[in-house]
Amino acid sequence: MNKRANAIFGGLLVATACVFAYLIPFIFLKAPIAQIQAGGLAQKIFYFHVPAAYAMYLCGTVCFGASALYLYGPSDARDAWARAGAECACAFGSMVLLSGPLWARKAWGVYWTWDPRLTTTLLSVLVYVSVVVLRAFAGNGDAERKFAAALGVLGTVNLPIIHYSVLKWGGNHPTVIGQGGGGLRHPAMIQALMIGFVAMTLLAALLLWLRARLALSASRLLRIEERAIASGQLDYD
Amino acid sequence: MHVNQEKPASSNPSDRSTEFVAVQGGGDTTSASSLLVAAYVGMWALLLLFIFLSYRRQARVEGRISELEKALDKSR
């Protein structure tokens, strides 16, 4: 990585740390409690749960774009970004699937229900998990990469279905923001959510960059090994 | 439906419970604050696990680079 990229990465890291350092006390100390019937405090999960879902969409979109480009014209960089997108979508999707049920336990009385939005989210995360497992264990050949890229494209097609599932099929999941929802009724609540979106965007960018760089390094190493073996300089046995 | 009143707790060993009977309309024993803490701790734990896995993968790549260097040195 060159000096300029190092500086940008360092700046991104500091900005992410600062935004999280501001966000966490803000959520606990300034954002008012809401949804009294669900215990009041449990609603504060919302300020991480929704931005984490948004970060999952963001990483899924990166996975989709890079996968589609890889299918169009394969390259190590496109494969690395597709892989990083799927891995980060898995991480953020797991955060959503962990925080949501804990909130649901208080709001609905159960950890899980086969609500359309919950089911489609689970399905999407499982598709990204399958991409990650495939790339980790099925080898590094062109066929495996193309198959994973096709799965990455299909996984992201599910994302708009998650988003509009509440409108189309109803269910228990709240629709507070947009889509006819009543919105957040306190300025501090809106502020907490907006800072949450900024924090998760920065975190997603950081993690995507790290994982893509790692995948690219592994690909470059593989190419060097292949070249060294082909030229007879290397004999691993 | 079998509904029963539970007896008050007693310090006498002979009065200890010998069976558990389901009651209707019991209060919710899960507190909102413990769920909130569990959600935040769980999310940070997941994030740290992801960073740790990245670190391990980086270490594997570095290990392969060292092996490659050694193998190339030997072949010279």
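The crossing of H1(A) and H6(A) is left-handed, meaning that the near helix is turned anticlockwise from the far one by less than a right angle. In this predicted model, local features need pLDDT of at least 70 and side-chain atom pairs count only at pLDDT 80 or more, while totals for chains, interfaces and linings use all residues. Residues are numbered from 1 along each chain as its sequence is written, with chains lettered from A and ligands numbered from 1 in the order in which they are written.

Helices here are DSSP runs (H or I, at least four residues), numbered from the N terminus. H1 of chain A covers residues 3-30 and H6 of chain A residues 187-230, and their axes sit 9 Å apart at an angle of about 150°. The axes are lines fitted to C-alpha atoms over the stretch in contact, with angles running from 0 to 180 degrees between N-to-C directions. H1(A) and H6(A) are therefore roughly antiparallel, the word for angles over 145 degrees.

H6(A) also packs against H1 of chain B (residues 32-75), at about 20° and with the axes 10 Å apart. That makes H6(A) and H1(B) roughly parallel (under 35 degrees), and their crossing is left-handed. Among the residues that meet are A:Leu214 and A:Leu221 of H6(A), and B:Val61 and B:Leu68 of H1(B); contact means C-beta atoms, placed from the backbone, within 7 Å. This contact splits into ten nonpolar, three polar and four charged residues. Nonpolar covers Ala, Val, Leu, Ile, Met, Phe, Trp, Tyr, Cys and Pro, charged covers Asp, Glu, Lys and Arg, and the others, Gly among them, are polar.

Methods:
Helices (H or I, at least four residues) and strands (E, at least two) are DSSP runs, numbered from the N terminus. Angles under 35 degrees count as roughly parallel, over 145 as roughly antiparallel, 65 to 115 as roughly perpendicular and the rest as oblique. Two residues are in contact if their C-beta atoms, placed from the backbone, lie within 7 Å.
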